[in-house]
Amino acid sequence: MTEAASPTFRSDVTVELVRSAATDTDVLWAARVSTAGEQSLEELQRDPEKSKGLINFLMRDRHGTPFEHNSMTFFVSAPILVFREFQRHRAGWSYNEESGRYRELQPVFYVPGQDRKLVQVGRPGKYEFHEGTPEQHEAVSGAMERAYREAYAAYQEMLAEGVAREVARAVLPVGLFSSMYATCNARSLMHFLSLRTKDERAKVPSFPQREIEMVAEQMEEQWAKLMPLTHAAFNAHGRVAP
Ligand SMILES: Cc1cc2nc3c(=O)[nH]c(=O)nc-3n(C[C@H](O)[C@H](O)[C@H](O)COP(=O)(O)OP(=O)(O)OC[C@H]3O[C@@H](n4cnc5c(N)ncnc54)[C@H](O)[C@@H]3O)c2cc1C
């Protein structure tokens, strides 16, 4: 039997855009078919200001469907606690996640970084988070690393006894890293971003957990490069999905 890997600890998440077919032009093409019919493709590049105006109009008046004719696939590596929240987003999202039944789970665990605020103040639904002291950070890292090591050793012990992976994994905590492919379109991404980021331009503020927000921020950065006019209109109209 090969020797078990020793646990490693991460404070960051990975988000890679692995495939995309997503441009502002896709939105215009879809919207203009309403009035230009099959001429709509020719109309696209004629007047950039008009195009910007149309995207703003669609966003403001919440004509959402033209924002669905595009596709982005992201590879995400993050703790399971993020995936539990992420996969609640049902509409316009497709997911495939690594299996804990078919492969041995690797010992990569989440430990909050020094910039992660640790202290929760306020009432449910409207918490504020304040900086932790150095002692609190030390307590968090110490307790988490200890618990992770123990849990992973128990997992290994069961595998060594010939117990199935799907049974042994029950001891592993939600701080374990998992990975998935997530495919969405601009409309479903905007809905996700409206709920999973905290931004002062938002008409309806949200209070996401920091770890899913770290994923959302990286997705937004990559999407903004693909669809700058749509991204600007999303911000200008209060970060509400059309
Ligand atoms: C800050 C925050 C705290 C949260 N806390 C909790 C919690 O304590 N417990 C908990 O269980 N969840 C919690 N959630 C998850 C939340 O309830 C949603 O499941 C999640 O945000 C996905 O939102 P959604 O349903 O709008 O998205 P999607 O599933 O992507 O749906 C998008 C939109 O499609 C429409 N839609 C989709 N499915 C239906 C349907 N079946 N019927 C009618 N319309 C539909 C709705 O308009 C919906 O907004 C929390 C979310 C946030 C952002």
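**The whole chain**

Begin with the entire protein in a cartoon display, bearing in mind that this is a predicted model. The protein contains 9 helices and 8 strands. Its C-alpha trace spans about 70 × 45 × 25 Å along the principal axes. Of the 242 residues, 26% count as buried. For contacts between residues at least 6 apart in sequence, 77% join residues at least 24 apart.

**The first annotated set**

Next, select E85, F86, Q87, R88, E97, E98, S99, G100, R101, R169 and R196, which an unreviewed UniProt entry lists under the feature "binding site". Do these positions all gather at one spot, or are they apart? They span 112 residues in sequence and their farthest two C-alpha atoms are 29.4 Å apart, so they do not all gather at one spot.

Within this set, centre the view on R88. It lies in the loop between α4 (80–86) and β4 (93–97). R88 is exposed, because 10 other C-beta atoms lie within 10 Å, and a residue with 12 or fewer counts as exposed.

Move on to E97, which is found in strand β4. With 15 C-beta neighbours inside 10 Å, E97 counts as partly exposed. Which residues is E97 in contact with, leaving aside its neighbours within four places in sequence? Display F83, S178 and M180 to see these partners of E97.

**The second annotated set**

Now select T65, R88, H89, R90, E97, N185, A186, R187 and H191, which the unreviewed UniProt entry also places under "binding site". These positions span 127 residues in sequence, and the farthest two C-alpha atoms are 27.6 Å apart, so they do not all gather at one spot.

From this set, pick R187 in helix α7. Is R187 buried or exposed? R187 is buried, with 21 other C-beta atoms within 10 Å. Not counting residues up to four places away in sequence, R187 touches G64, F67, E68, G92, A241 and P242.

H191 is also found in helix α7. This residue is partly exposed, with 19 other C-beta atoms within 10 Å; the count required for a buried residue is 20 or more.

**Helices α7 and α8**

The crossing of the two helices is left-handed. By class, the contact of α7 with α8 has 8 nonpolar, no polar and 3 charged residues.

**Two residues with positive phi**

Finally, inspect two backbone positions. R62 is not a glycine, yet has a positive phi of about 55 degrees. R62 is found in the loop between α3 (48–60) and β3 (71–79), and it is exposed, with 10 other C-beta atoms within 10 Å.

R239, likewise not a glycine, has a positive phi of about 50 degrees. Look for R239 in the segment after α9 (228–236). R239 is buried, with 21 other C-beta atoms within 10 Å.

Technical notes. Residues numbered from 1 in each chain as written. Predicted model: local features only at pLDDT ≥ 70, side-chain atom pairs only at ≥ 80, totals over all residues. Helix = DSSP H or I, 4+ residues; strand = E, 2+ residues; numbered from the N terminus. Contact = placed C-beta atoms within 7 Å. UniProt positions renumbered as here; feature names shortened; annotations may be inferred. Left-handed = near helix turned anticlockwise from the far one by under 90°. Nonpolar A, V, L, I, M, F, W, Y, C, P; charged D, E, K, R; others polar.
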